[in-house]
Amino acid sequence: MIEVKHLTKRYGSHTAVSDLSFAIGKGQIYGFLGPNGAGKSTTMNIMTGCLAASSGQVTIGGYDIFEEGGLAKRLIGYLPEQPPLYLDRTPREYLRFVGRAKGIGERDLPGQIERVMAVTQTADVADRLIKHLSKGYRQRVGIAQAILADPEIVILDEPTVGLDPKQIIEIRDLIQTLGQNHTVILSSHILSEVQAVCQTVLIISKGRLVACDTPDNLERLFAGSATVQITAEAGREQVDRLLSAIPSVSQWEITEAGDGRCSAQLTGQPQDGEDICRSVFLAFSDARLPLLRLNMAKASLEDIFLELTGDGQGDAADEPSQFPRQDGAEQEVEQT
Amino acid sequence: MNAIFRHEISSCFTNLTGYVFGAFLLLFAGIFTMVYHLNYQVANFEYVISEMSFVFLIIVPILTMRVLAEERRQRTDQLLYSLPLSMAQVVLGKYAALLCMLLLPTAVICLYPLLLSAFGDIYFPAAFGAITGFFFLGAALTAIGVFISSITESQAVAAGLCFVVMLVNYFLSSLSSFVASSAFASFAAFAVVILLLVLILWRMTRNSTVALAAGVVLEGGLSALYLTEAFEFSGLFPEVLEHLSLFQRFYTFVNGIFDWTAIVYYLTIIGFFLFLSVQSLEKRRWSE
């Protein structure tokens, strides 16, 4: 469906996208994942013909987006990061304009508009001025515009940014509905969103594609280590002594929390997760030191993301500004 | 193109610019008709039209400031780029809509001589010739306005710049009489103009080799011409300025001459600036 070959985009000396290549097949939901400024929007803008690439090629359904823009653009519907809406129009007028521009005949136009308004649930605001609509409704009108004329590919750039949690869930449901008979590509820096919605994830960092797989496969591939976190009512030396006696714990880091408590983060081989928990529990109970917390974290998409995008250091603490933890990203650390 | 055209027409009427534009034109047409025909009892409608040309200084910026600048500010230009439309279709659609905005009040003005003929002898060919010239003058100025709107994303900047350009154009023939008419003065003036053009070229392309080459070729050609035919240069610059003035061409229509070359000149200006607008939109994709 879409083929991107050796795409490069430079702004003066700054390279926003460098030598990006990937192919996108039919009828799935793809997620573009990357920190802010990774080149997601730039890539999407080039794929939809809004920007010209410095070098490289994009073909949509066999048509080159630069050479045969008219034909290629008929296959795509695009919602840019900021919905491109005429604020002094009503959604109906706006969709009528977009429909005509997409070449829908006057006879089919009202039916098509009704259809997309039903799908995006915007029918009840159809005759209010867009400037009076809430952000959520504006986003929906933007999506309605993208799916008008039933393009095979729908590209959505950060479709849930700035929405409240309820709206986010609604938009996600909408995207899943769209995924049933369109190829949907969405970009996001919110991991839970990509994990919940997408069948394939493309992780982009600093303008390069660093991974492309299903969320499950990525988790399996990158489950580099098992991590167990504990908090105990014990001194640093006691905890250190007990942990060094457990063979499956390869590495640990102790922080003193005050009030005679210590927290520690333990790492071991991925298959040893439960074994570490068991040994820690027994060791502390034998020493009659109360464990206040014991939980096992498995590598989540978030860790993979940070590892792939954070200069290979894989440490969340090193990259606080690159990855704002938003909306439920914390919940992804699975607890046992 | 049809979609853009209909969209633009309706937006001219939703955000008042259409009404303001029409009202301004008709208001001044009314005032001058009253002054010339009712007060001074003159039977030449061309005088009314001639007086009205300065109204364009104010209303053309109002009409054109929004047209492309607002798309850019609202980020709706991304929609236009992603729709299956070529930039030529976008510019032509918008320009056609603006022409309609100009055509409507002009059509109303066409009724005035008919109405006045009931009370005296109006020479229709001169009157309608002047109105035709007036319309083409407006169309050419509008094309310039569209281009100016395409290079900025602020309506205010577009309007200000457009006003300045119209103003300079309006006074171009008077200004040209202040320019020294000696051969060397003309040569120097042309040299400065070429330098400015080369600077603009360099600024737009950021390619110093091309700009430098163009500069050397043009300045060299100019110097060669000056050295061989220095006599021809005397008074040339003011003359060229006067010929470039859009308003000056319009006054021949007022004087009762239907000047086809002027029409061709206006059409050329329209084509040139619409082409530049398309290029300006295309360029934005490369440098954004």
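In strand β14(A), L294(A) is the bridge partner of I230(A), and the strand to which β14(A) is joined in the antiparallel sense over 6 bridges is β11 (residues 226–232) of chain A; two strands pair if DSSP finds at least two bridges between them, and helices (H or I, at least four residues) and strands (E, at least two) are DSSP runs, numbered from the N terminus. The model is predicted, with local features needing pLDDT of at least 70 and side-chain atom pairs counting only at pLDDT 80 or more, while totals for chains, interfaces and linings use all residues. Residues are numbered from 1 along each chain as its sequence is written, and chains are lettered from A and ligands numbered from 1 in the order in which they are written.

The open sheet of chain A comprises 4 strands in the order β12-β13-β11-β14, with antiparallel pairing. Because β12 (249–258) and β14 (291–297) of chain A stand at the edges, each with a single partner strand, one side of each is left without a neighbour in the sheet. From one strand to the next, the twist averages 15°, angles running from 0 to 180 degrees between N-to-C directions of axes fitted as lines to C-alpha atoms, for helices over the stretch in contact. Helix α9 (residues 236–244) of chain A packs on the sheet, touching β11, β12 and β13 (261–268) of chain A, and its direction makes about 165° with that of β12(A); two residues are in contact if their C-beta atoms, placed from the backbone, lie within 7 Å. Helix α10 (residues 273–286) of chain A lies across β11, β12, β13 and β14 of chain A and runs at about 20° to β11(A).
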